Amino acid sequence: MMENKKKPNPIDIHVGSRIRLRRTMLGMSQEKLGESLGITFQQIQKYEKGTNRVGASRLQNISGILNVPVSFFFEDAPGENTNASGLAEASSSNYVVDFLSSSEGLQLNRAFVKITDPKVRRKLVDLVKALAAEAESE
């Protein structure tokens with residue numbers, strides 16, 4: 001009887017994940033976003049999981065609070081691109097989204113952008129590449 005249970009729409013899941021991505025990039029809690037919208041953090045959780053669909057006016061409010069255009073939430077949405085080059089770009093973008101959605105990725109990104117010296121940034125990139133290459137050879 002589980003087949004009768006309605007599954008979230010893939011677009012709703014995607015929009016929710018983009019809300020979560022942007023919120024965490026800003027270091028904002030679900031509670032803070034909820035307060036700004038006049039709703040509970042539990043409702044934010046449901047939006048972020050795709051369990052509840054975000055209405056157009058609410059999405060407009062969220063975009064203002066998170067300081068991104070509404071289109072941000074639909075970037076790389078499922079079914080958006082159907083040609084081969086579009087799929088390649090989407091998969092590369094999803095890799096970045098996955099990275100920034102992780103705690104480590106977010107911490108690295110925040111720390112990296114604080115480094116102002118381009119030479120230091122370049123050396124850090126070289127170090128990470130060397131560590132990745134070493135891990136692959138093991």
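1. pLDDT is the predictor's confidence in each residue, on a scale from 0 to 100, and contact means heavy atoms within 4.5 Å. Where pLDDT is low, the predicted coordinates should not be read in detail. For the protein chain the mean pLDDT is 83, with 83% of the residues at 70 or more.

2. A word on the basis of the values is needed here. This is a predicted model, in which local features need pLDDT of at least 70 and side-chain atom pairs count only at pLDDT 80 or more, while totals for chains, interfaces and linings use all residues. Residues are numbered from 1 along each chain as its sequence is written, and side-chain values use heavy atoms, with hydrogens and water left out.

3. The secondary structure of the protein chain consists of 7 helices and 0 strands, where helices (H or I, at least four residues) and strands (E, at least two) are DSSP runs numbered from the N terminus. The order of the elements from the N terminus is accordingly written α-α-α-α-α-α-α. Of the contacts in the protein chain with a separation of 6 or more, 57% are between residues 24 or more positions apart. Buried residues (under 20% relative accessible area, with exposed over 50% and partly exposed in between, for a 1.4 Å probe and protein chains only) make up 26% of the 138 residues in the protein chain.

4. Arg 23 belongs to helix H1, which covers residues 10-25, and is buried because its relative accessible area is 7%. Beyond the neighbours within four places in sequence, Arg 23 is in contact with Met 28, Ser 29, Gln 30, Leu 33, Glu 48 and Leu 66.

5. Leu 100, in helix H5, counts as buried at 12% relative accessibility. The C-alpha atoms of Leu 100 and Met 25 are 7.6 Å apart in space, although the two residues are 75 residues apart in sequence. With residues up to four places away in sequence not counted, Leu 100 touches Leu 21, Met 25, Gly 105, Leu 106 and Asn 109. Gly 105 is placed in helix H6 and is buried, with a relative accessible area of 0%; under the same exclusion of residues up to four places away, Gly 105 touches Phe 99 and Leu 100.

6. The loop between helix H4 (56-65) and helix H5 (84-101) contains Asn 67, whose phi is near 60°, a positive value in a residue other than glycine. Asn 67 counts as exposed, at 62% relative accessibility. Asp 76 also lies in the loop between H4 and H5 and has a positive phi of about 60° although it is not a glycine. In helix H4 one finds Gln 60, which is partly exposed with a relative accessible area of 47%. The C-alpha atoms of Gln 60 and Ser 71 are separated by 9.9 Å, the two residues being 11 residues apart along the chain.

7. The structure holds 1 aromatic pair. The ring centres of Phe 72 and Phe 73 are 5.5 Å apart and the planes stand at 80°, so the pair is edge-to-face. The criterion is that rings of Phe, Tyr and Trp (its six-membered ring) pair if their centres lie within 6.5 Å, with planes under 30 degrees apart counted as stacked, over 60 as edge-to-face and the rest as tilted. Phe 72 counts as buried at 13% relative accessibility, and Phe 73 is buried with a relative accessible area of 0%.

8. The largest pocket holds about 310 Å³ of space. Helix H6 (103-113) and helix H7 (118-137) are the elements that give two or more residues to its lining, and H6 gives the most, with 5 residues. The lining includes Phe 99, Leu 108, Asn 109, Phe 112, Leu 124 and Lys 129, and its residues divide into 9 nonpolar, 1 polar and 1 charged. Ala, Val, Leu, Ile, Met, Phe, Trp, Tyr, Cys and Pro count as nonpolar, Asp, Glu, Lys and Arg as charged, and the others, Gly among them, as polar. On a 1 Å grid over the protein atoms alone, a pocket is an open set of points where a 1.4 Å probe fits, with protein on both sides within 12 Å along at least five of seven lines, and lining residues have an atom within 4 Å of a point. Grid points are joined across faces, edges and corners, and the volume is the space filled by probe spheres set on the points.
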